[in-house]
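Subject: Structure for your files

Hello,

Here is the structure I said I would pass on. My notes on it follow below.

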Amino acid sequence: MLKITDAPTGSPYLHLDEMQPWNDHLQTLECVWVTDEAPGVKTFAFRSDNQTWFRYKPGQFVTLELPVGEEPVMRTYTLSSSPSRPFSISITAKAQADSIGTRWMFENLVPGMRVKAYGPAGGFSLYDHPAGRYFFLSAGSGITPMMSMLRWLYDCAPMTDVSFVNCARRPDEIIFRSELELLASRMPGLSLGFLVEERPRTQSWFGPTGRLDLTRLALLVPDFADREVFCCGPEPFMRAVRVLLEASGFDMQQYHQESFGTGPIEPVPAEIAEASDGLLPSEAPEVATTPVTFTLSGVEAEAYSGQSILQTARASGVRIPAACELGLCGTCKVKASGPIEMNHNGGILDDDIADGYVLACCSTPRGPVSVEA
């Protein structure tokens, strides 16, 4: 069997220090394996199709462009993998009954298939909040960014003090349970706790049951008030956690939660609304616009006051991929030149900005601009 380290000159295998970081504008992801984690939950692992490595912070997410129908759909997933293992990335997803993108992945995505992806991005990471003690609290598939951070700590700082609690409906729905128990046996500072809503009739269960409240929280993590808390799960769960912590007098400066939010409702520019209100088109006063050139599409467009580059592109029939539309996920990153005002939420790196990239969803022309789209 050929070992990569013994590969002769000219081998297709490269060492890590010979590779370049993955570039989401040039390379796609190839699915390398799929595995079942729990009922209705699968992990999909990907590598670059061009032997590049992945650089990200544990807990960040990627956005996948999935060929569901005539028009692809964009779906954002937190990474469950650790950047300490940079040759591949993985996401762990739960397919809800009414899901479209995730259901397509469950039914179609197999090893060897390629998908376009954007990122990684996001600010939900212990990387930006170093602390002496952590409390990772999750429910359901919200465990995925916690698993990314815990795997990273296991590889890079295994003596870290971590309390890890996952809430599930039933014991068999606890994702990564076996791996968590293995890690707990090897990380002396890792304290593991599970809370399930229903005690199973056919399985033995010696852990606590019920919904999370202040009493159960104190039993699971007695010193939670002294820890840096990371929380992820359904919005009602995170809202309940916030209420519990605030009621306990917890310093909310030490609280962090994952949230992708929802895309904004595109407003009608005020000038347009005021100008057209009750008037025939021929009677409406002229509205100030700014020229926008989409160089790859060959489209000359006009941006109304307050319109973003993304809104202008859509109105002109130019496609720019976009997911969160909050300046967070980085999916709509495009190269542009000209006077542009950008108000992002961490979805773009300073290096990208220096190279002339902007996020189309939160960038507004302030004069004639050119956009590579």
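Over which residues does pLDDT stay under 50? Residues 262-273 do so, and the model has 18 contacts beyond four places in sequence for them; pLDDT is the predictor's confidence in each residue, from 0 to 100, and contact means heavy atoms within 4.5 Å. Over residues 275-282 the pLDDT is also below 50, and that stretch has five contacts in the model beyond near neighbours in sequence. The mean for the protein is 86, with 90% of residues reaching 70 or more.

This is a predicted model, in which local features need pLDDT of at least 70 and side-chain atom pairs count only at pLDDT 80 or more, while totals for chains, interfaces and linings use all residues. Residues are numbered from 1 along each chain as its sequence is written, and side-chain values use heavy atoms, with hydrogens and water left out.

Overall

The protein has eight helices and 18 strands; these are DSSP runs (helices H or I, at least four residues; strands E, at least two), numbered from the N terminus. Of its 373 residues, 46% are buried, where buried means under 20% relative accessible area, exposed over 50% and partly exposed in between (1.4 Å probe, protein chains only). Among contacts with a separation of 6 or more, 65% are between residues 24 or more positions apart.

Strand S1 (residues 29-38) pairs with strand S2 in the antiparallel sense over eight bridges; two strands pair if DSSP finds at least two bridges between them. Glu30 stands opposite Arg47 of S2. The two strands form a hairpin with two residues between them, and Gly40 in the turn has a positive phi of about 75 degrees. S2 also pairs with strand S5 (residues 89-94), again antiparallel, over six bridges, with Val41 and Lys94 as bridge partners. Seven of the eight residues of S2 (residues 41-48) are buried, so this strand is largely enclosed by the rest of the structure.

The parallel sheet and its core

Five strands make an open sheet with parallel pairing, in the order S9-S8-S7-S10-S11. Its edge strands, each pairing on one side only, are S9 (190-196) and S11 (255-257). The twist averages 15 degrees from one strand to the next; axes are lines fitted to C-alpha atoms, for helices over the stretch in contact, and angles run from 0 to 180 degrees between N-to-C directions. S7 (residues 133-139) and S8 (residues 161-168) share seven bridges, and Ala139 has Cys167 in S8 as its bridge partner. Helix H3 (residues 177-186) packs on the sheet and touches S8 and S9, its direction making about 150 degrees with that of S9. Helix H5 (residues 235-247) lies across S7, S8, S10 (228-232) and S11, at about 175 degrees to S11.

The largest nonpolar core has 28 residues, and those touching the most other members are Leu126, Phe136, Met146, Leu150, Phe164, Leu180 and Phe230. Such a core is a set of buried Ala, Val, Leu, Ile, Met, Phe, Trp, Tyr and Cys residues joined through side-chain atoms within 4.5 Å. S7, helix H2 (143-156), S8, H3, S9 and S10 each give two or more residues to this core, and H2 has the largest share, seven residues. Beyond four places in sequence, the contacts of Leu180 include Ile143, Leu150, Phe164 and Phe194.

Strand S12 (residues 289-294) contains Thr290. Thr290, Val292 and Phe294 form the covered face of S12, and Thr289, Pro291 and Thr293 the uncovered one. In a regular strand the side chains alternate between the two faces of the sheet. Thr290 is buried, at 18% relative accessible area, and among the residues it touches are Ala301, Ala303 and Pro365.

S12 pairs in the antiparallel sense with strand S13 (residues 299-304) over six bridges, and Val292 stands opposite Ala301. This hairpin has four residues between its strands, with a positive phi of about 70 degrees at Gly298 in the turn. S12 also pairs with strand S18 (residues 369-371), in the parallel sense over three bridges, where Phe294 stands opposite Val371.

Glu325 lies in the loop between helix H7 (309-315) and strand S14 (333-337). Glu325 is buried too, with a relative accessible area of 17%. From Glu325 to Ala360 the C-alpha distance is 8.6 Å, across 35 residues in sequence.

Regards
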